[in-house]
Each structure stands twice: as C-alpha cells, then as structure tokens.
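Thanks, everyone. Let me put the structure up, and then we'll walk through two parts of it.

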Amino acid sequence: MTTLTFDELNSMIDPYNDDMLIRTLFNLSVEGKDKCSQCEEICDIVTCNKCGDAVCIKTTCSNLFPHHKNTIFAVCYRCSKEISDKMNLVIDMGKLSSIKNKVKMRQNSSENDEKLALSK
Ligand SMILES: [Zn+2]
Ligand SMILES: [Zn+2]
C-alpha cells in the first residue's frame, strides 16, 4: 500500500491525467480502423453507445467517459448534443425542486412563528 500526499492526490485528478486515462481506455476499446461518422477520416474508432456509429477520439467527434471494467463509454458528438439538451432539462428540474424545498422551509418556519404567537 502506498501513502499519497495531498499534492500527489491532486495531480492524479489533474485533467492531464484524466486525458491519459481516456486515451488508455480508448486504446483498450478500439474496434479497428474505420471512417469516423463525425469527421469522416479513417482512424481508430470506437462505437457510439447511443446510436452505434463509429467515432474517433477527437474531442470534436466524441465524448468519452471512463466506464466499468476498464472500458470506455463513447458518445458521438451528435448524440452528446442531444444528451446535453436533456441534461439542461434535468438540471432545471433540480433547481425547481430545491426552490420548492426552500418555500416549504419558509412555510414551516412561519407556522412555528404563528404557534409562538398563539402560545403567548
Ligand atoms: Zn472523428
Ligand atoms: Zn451517436
């Protein structure tokens, strides 16, 4: 077992190392050389997990995420745009529920105020 210093831990979550991880996982998951559906160049490709199209590692072609069992979860640029549209919706829903909670808390505290006023 190794003991990592805070600085070492920090450098491990450095974006550069994330990139290295993505590249390593990409190389492990590569399905061969084919025409990328996004940039239309012949390069090492993986399959988009959503639409099944071939995509390469370029950030303009795909979004790649580390996945379980050292595999990569690839989403082509076109699909990731669709997903991010939906993500915005999810985030807005989250905002809504947190606003609702705040309103609830306010209602609860005003109820307590009323009780206090009655007990006097
Ligand atoms: Zn490409
Ligand atoms: Zn896709």
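I'll start with a hairpin and then move to the nonpolar core.

Keep in mind that this is a predicted model.

Look at β5, residues 62-67, and β6, residues 71-76. These two strands pair in the antiparallel sense, over six bridges. Pick one bridge to get your bearings: N63 is partnered with V75 in β6. Three residues sit between the two strands of this hairpin.

Now zoom in on the turn. Which residue in the turn has a positive phi? K69 does, at about 55 degrees. And K69 is not a glycine. N70 is in the loop between β5 and β6 as well. N70 also has a positive phi of about 55 degrees, and again it is not a glycine.

K69 has 4 others within 10 Å, so it is exposed. N70 has 11 others within 10 Å, and the cut-off for exposed is 12 or fewer, so N70 is exposed too.

Next, the core. In soluble globular proteins, nonpolar side chains tend to be buried together. Here, the largest nonpolar core has 14 residues. Those with the most contacts inside it are C36, I45, V55 and A74. β4, residues 54-55, and β6 each supply at least two residues of this core. The largest share, four residues, comes from β6.

Last stop, I45. Which residues does I45 contact, leaving aside neighbours within four places in sequence? They are E31, G32, D34, C36, A54, V55 and C56.

Conventions: Residues are numbered from 1 along each chain as its sequence is written. Chains are lettered from A and ligands numbered from 1 in the order in which they are written. This is a predicted model: local features need pLDDT of at least 70, side-chain atom pairs count only at pLDDT 80 or more; totals for chains, interfaces and linings use all residues. A residue is buried if 20 or more other C-beta atoms lie within 10 Å of its own, exposed if 12 or fewer, and partly exposed in between; C-beta atoms are placed from the backbone. Two strands pair if DSSP finds at least two bridges between them. A nonpolar core is a set of buried Ala, Val, Leu, Ile, Met, Phe, Trp, Tyr and Cys residues joined through C-beta atoms within 7 Å. Two residues are in contact if their C-beta atoms, placed from the backbone, lie within 7 Å.
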